[in-house]
Amino acid sequence: MKATRVAPTGVERTFGEDEIIVTKTDQRGVLTYANDVFLRVSALTEADAVGQPHNIIRHPDMPRAVFKLLWDTLRDRQELFAYIVNLAADGAHYWVLAHVTPSFDQRGQLVGYHSSRRRPDRPAVDQAREIYRGLRAEEHRHSNPGQALDASSAMLAGLLRERGQTYDEFVWGLTNGGAA
């Protein structure tokens, strides 16, 4: 187990276009499975990863508003695609286009979550990074964590409203080369 948070080094790590990072978690977001690509890119061993909360790889540049949207969507039993920058155990970072979906048992009961991540295109990452920079700046303007989250969530909602897009449309616009 990695007991301490590592500081980002600014070193970016990538993975192959034909590779997919896969993890599974329980209902609380605790890792129950991580494939070899995840372990290699995140610089974790299976023993480091499995049993830990998925946010063990959360990068400080990720706006909390995106994770709130993710969890709200999953609680509604829906899937979500999102651009995410993760922090590896050695301080490197890596961008992914994540697809996160709830997993259900044969009776339709929620048993956890499944995440598959692909290597994103650079132009989409550049646009997501800029938008996330604005959301994080808004979060830093507030000393109260709840107010910071509310403010960045409102900022994200306003951005989508200005564009006349849902979050899914926004993500697929970035993916398909749409302007930010």
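Serine 116 counts as buried because its relative accessibility is 15%, where buried means under 20% relative accessible area with a 1.4 Å probe and protein chains only. The model is predicted, so that local features need pLDDT of at least 70 and side-chain atom pairs count only at pLDDT 80 or more, while totals for chains, interfaces and linings use all residues. Residues are numbered from 1 along each chain as its sequence is written, and side-chain values use heavy atoms, with hydrogens and water left out.

**Surroundings of serine 116**

- Serine 116 lies in strand 5, which covers residues 110-118, a strand being a DSSP run of E with at least two residues, numbered from the N terminus.
- Leaving aside residues up to four places away in sequence, serine 116 touches Ile20, Ile21, Val22, Leu97, Ala98 and His99, where contact means heavy atoms within 4.5 Å.
- The side chains of serine 116 and histidine 114 make a polar contact at 3.3 Å, that is, a pair of N or O atoms within 3.5 Å of which one must be able to donate a hydrogen and the other to accept it.

**The protein as a whole**

- The protein has 6 helices and 5 strands, helices being DSSP runs of H or I with at least four residues, and from the N terminus on the order is β-β-α-α-α-β-β-β-α-α-α.
- Buried residues make up 44% of the 180 residues in the protein.
- Among contacts between residues at least 6 apart in sequence, 57% join residues at least 24 apart.
- Along its principal axes, the C-alpha trace spans about 45 × 45 × 35 Å.

Note on methods: Buried means under 20% relative accessible area, exposed over 50%, partly exposed in between (1.4 Å probe, protein chains only).
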